[in-house]
Amino acid sequence: MKGAIIGIFAAAVMAIACTAGVNQVEKSNTEVVVHYNGKEVSRKNTKYIGENELKYLLNRGKETIVIFGADWCSSCRLARKAIKQSNLKIGVHWINIDEIWVQKLAKAMGINQVPLMFHVGSDDLTVAVRAGPAAIVSYLVVRY
């Protein structure tokens, strides 16, 4: 009898444990960037834009703000937080210095620090370059 009660109790615990997460949807903060044959084919749940989106932004004939940054950079995190709180009237686009295509771009442009902001005008000319969170945030808040 004692064995039957323990068996029923164990079965009930297993049933509860197995069904506890069935209807729950967990939100993941995992960033996924998929490359196939050397080209980016998918970018999900990331706070950085990809090469194709950067090309699109720079070729649309509108002002564009691009910031080189990285997750490991405390100054970048500070700048991102301050920009988000500022509710600017222009979009700010971040590119991840840890991605190979960004590293190649940074090398070609002589960039050796983050965060570094480029403000590109609608005429595709550089309007301003700012380095460091204070200079970047001050520039954006005063201007937008």
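Lys 47 is partly exposed, with 41% relative accessible area; here buried means under 20%, exposed over 50% and partly exposed anything in between, using a 1.4 Å probe and protein chains only. Its side chain meets that of Asp 71 in a salt bridge, at 3.4 Å from N to O. The term salt bridge stands for a side-chain nitrogen of Lys or Arg within 4 Å of a carboxyl oxygen of Asp or Glu. Lys 47 sits in the loop between β2 (39-44) and α2 (51-58), and Asp 71 in the loop between β3 (64-69) and α3, so the pair ties together parts that are 24 residues apart in sequence. Asp 71 is partly exposed too, at 34% relative accessibility.

A word on what we're looking at: this is a predicted model, where local features need pLDDT of at least 70 and side-chain atom pairs count only at pLDDT 80 or more, while totals for chains, interfaces and linings use all residues. Residues are numbered from 1 along each chain as its sequence is written, and side-chain values use heavy atoms, with hydrogens and water left out.

Helices (H or I, at least four residues) and strands (E, at least two) are DSSP runs, numbered from the N terminus.

How many salt bridges does a search of the whole structure find? It turns up two. Lys 55 is partly exposed at 46%, and Glu 51 is partly exposed at 35%.

| Salt bridge | N to O distance |
|---|---|
| Lys 47 and Asp 71 | 3.4 Å |

Now for the backbone. Asn 87 has a phi near 50 degrees, a positive value in a residue that isn't glycine. You'll find Asn 87 in the loop between α3 (74-86) and β4 (92-96), and at 62% relative accessibility it counts as exposed.

Asp 124 also has a positive phi without being a glycine, with a value near 70 degrees. Its spot is the loop between β5 and β6 (126-131). With a relative accessible area of 46%, Asp 124 is partly exposed.

Where does Pro 115 sit? Look in the loop between α4 (100-109) and β5 (116-120).
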